[in-house]
Amino acid sequence: MNVALYNQSLSSLNADLTVEFVTPAQFETHPHKVLLTQAGFKAEAEQLCTLHEHRLLVCALSEESSESYRSTMSSALKTAMNYAYTSLKVAIPKETFLSALVEGVLLGGYKFESYKSDPKKTSLKEIMFANDSASNFSALETLFNQSVIISKATNFVRDLVNQTPYDMTPQAMAVTADSLASSNNLECTILDVNGLESEGMNAMLAVGRASINPPRLIHLAYKPSNPRKVITLVGKGLTYDSGGLSLKAAASMVTMKMDKAGGCAVMGIIKAVSELKLDIEVHAFVGAVENMIGGNAYKPDDVLRAKNGKTIEVRNTDAEGRLVLADVLGYAQEKVKSDYIFDYATLTGACMVALGPYTTGVMGHNEPLKQEWLSAAEQSGEYCGNLPFNRHLKKLIKSDLADVCNVSSKPYGGAITAALFLDNFIDEDMKQKWVHFDIAGSAYTESAWDVHTYGGTGAGVRMSLNWLMEQCK
Ligand code: BES
Ligand code: ZN
Ligand code: ZN
């Protein structure tokens with residue numbers, strides 16, 4: 001699907017179908033009110049009505065907000081894709097709603113059909129945005145190009161997450177990173193098992209040991225000439241999480257190809273940053289590993305020595321993401337001195353229990369920094385919720401045998417105790433510069449919501465670009 005911005009009014013553009021947003025107040029004076037009413041349209045939230053004889057798709061808008069424009073545009077596009085129209089036009093009412101409309105189209109119109117032998121064809125090819133906002137066109141163009149880059153990076157993440165564990169192995173993730181590096185002029189370093197051994201990354205190695213698909217550590221770097229800041233991103237890249245010997249129940253194992261979503265997100269973020277040519281140096285690290293069972297699998301009762309020297313008592317091999325992150329965080333901090341370190345991980349089912357299935361959990365020691373992220377998320381259309389640390393929760397991961405235990409002694413607050421485990425692998429001088437994002441709920445969906453269809457959502461990309469672009473102002 002092609003999206004284009006025109007410095008023309010809606011009426012002067014030629015398209016098969018026009019999308020029109022109507023608030024309850026506007027409906028009262030709508031020229032087609034009688035016809036729409038006959039069709040059962042009442043301008044109630046999420047109602048859509050197609051007047052084919054007028055080539056008009058009328059969409060009820062509950063309020064004039066980015067959130068409504070984004071999800072209504074997305075529903076409108078899905079509806080239009082069912083018809084034979086080849087082009088569609090829509091007016092930009094105000095500059096501030098442009099990115100919501102672009103996301104509604106590009107994210108809402110996303111389909112993943114690589115595994116379908118006969119994918120349904122859509123006639124819709126061209127989406128035209130008209131400048132009815134009386135805004136300066138070059139300002140609109142800048143916003144438009146930014147939104148297209150960010151939306152496409154989000155879809156790039158979705159494509160990776162949606163691939164099967166057979167196709168998207170740690171090795172395949174490394175190949176993907178390498179080709180991203182070539183196309184976007186990034187530096188790329190890959191460590192294989194030998195490399196991980198010489199770096200002392202025994203926790204990550206233990207998790208991957210029983211798989212026939214050996215682990216890879218991926219490091220992508222975007223280095224503009226005079227960066228304002230240096231930022232490190234770390235992603236959990238479990239290409240499959242069977243739970244290991246603490247095997248998941250059959251029903252919980254389904255969807256665990258999505259356990260690589262954090263790793264995919266950091267690749268999508270660095271892709272967008274490099275295409276936007278942001279004045280920030282960004283390093284993206286991915287721990288790509290498969291957690292399987294086998295005669296040489298790591299076990300509950302094992303004690304692992306992580307890269308930073310700390311020992312970990314393993315009591316549950318399904319709490320594997322934190323073991324991988326422990327080593328990747330250690331490696332990232334050793335290799336790159338940065339102003340901030342952010343990690344993205346589908347870390348705990350507990351995060352979904354705490355915040356619901358749509359919201360990313362935000363954890364860390366720096367309250368103002370977390371607040372910056374909560375507002376970046378809100379502006380970008382992603383949902384984030386703050387999950388606070390306290391010193392009592394920290395005691396729940398004490399070990400009698402080693403320095404720390406990989407699971408909590410109590411069944412509540414699991415998202416926070418997982419983050420407090422990671423805290424053991426954050427260097428003293430980085431404590432205030434670290435934020436952890438638990439995307440277990442937000443990264444994947446089996447039922448459509450907002451701009452998301454079945455599968456990976458690309459969680460983390462939009463909010464991170466919002467925060468990063470804020471640093472460049
Ligand atoms: N990858 C899972 C977390 C997860 C669960 C992500 C559901 C998305 C949906 C993680 O590795 C895991 O299994 N965590 C355990 C931790 C427990 C053993 C302490 C969990 O959440 O049950
Ligand atoms: Zn697990
Ligand atoms: Zn996992």
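In this predicted model, the side chains of R462 and E103 pair up in a salt bridge, with 3.5 Å from N to O; the term covers a side-chain nitrogen of Lys or Arg within 4 Å of a carboxyl oxygen of Asp or Glu. The count of such bridges between domain 1 and domain 2 is one.

The two domains span residues 2–135 (domain 1) and 151–471 (domain 2), with bounds taken from an automatic or database domain assignment. Their C-alpha centres sit 36 Å apart. Domain 1 puts 14 residues into the contact and domain 2 puts in 18, where contact means heavy atoms within 4.5 Å. About 1400 Å² is buried between the domains, and carbon and sulfur atoms give 54% of that; buried area here is the accessible area (1.4 Å probe) that two parts lose on being put together, summed over both. On the domain 1 side, L107, Y110 and Y115 give up the most area to domain 2, together 45% of what that side buries.

Now for the metals. Donors are N, O and S atoms within 2.8 Å of the metal (3.2 Å for Na, K and Ca), and with water not among the atoms, sites may look incomplete.

The zinc ion (ligand 3) is held by K236 (NZ), D241 (OD), D259 (OD) and E320 (OE), at 1.9 to 2.4 Å. Its six donor atoms subtend 76 to 172°, so the arrangement comes out octahedral. That label asks for six donors with opposite ones over 155 degrees apart and all others between 65 and 115; four donors count as tetrahedral if all angles lie between 85 and 135 degrees, or as square planar under the octahedral rule, and anything else is irregular.

The zinc ion (ligand 3) and the zinc ion (ligand 2) are 3.2 Å apart, with D241 coordinating both. D241 lies in strand β9 (229–241) and E320 in the loop between β12 (311–313) and α11 (321–335), so the pair ties together parts 79 residues apart in sequence. Strands (E, at least two residues) and helices (H or I, at least four) are DSSP runs, numbered from the N terminus. Both D241 and E320 are buried, E320 at 0% relative accessibility, while D318 is partly exposed at 23%. Buried means under 20% relative accessible area, exposed over 50%, and partly exposed in between (1.4 Å probe, protein chains only).

Residues are numbered from 1 along each chain as its sequence is written, while chains are lettered from A and ligands numbered from 1 in the order in which they are written. Local features need pLDDT of at least 70 and side-chain atom pairs 80 or more, whereas totals for chains, interfaces and linings use all residues; side-chain values use heavy atoms, leaving out hydrogens and water.
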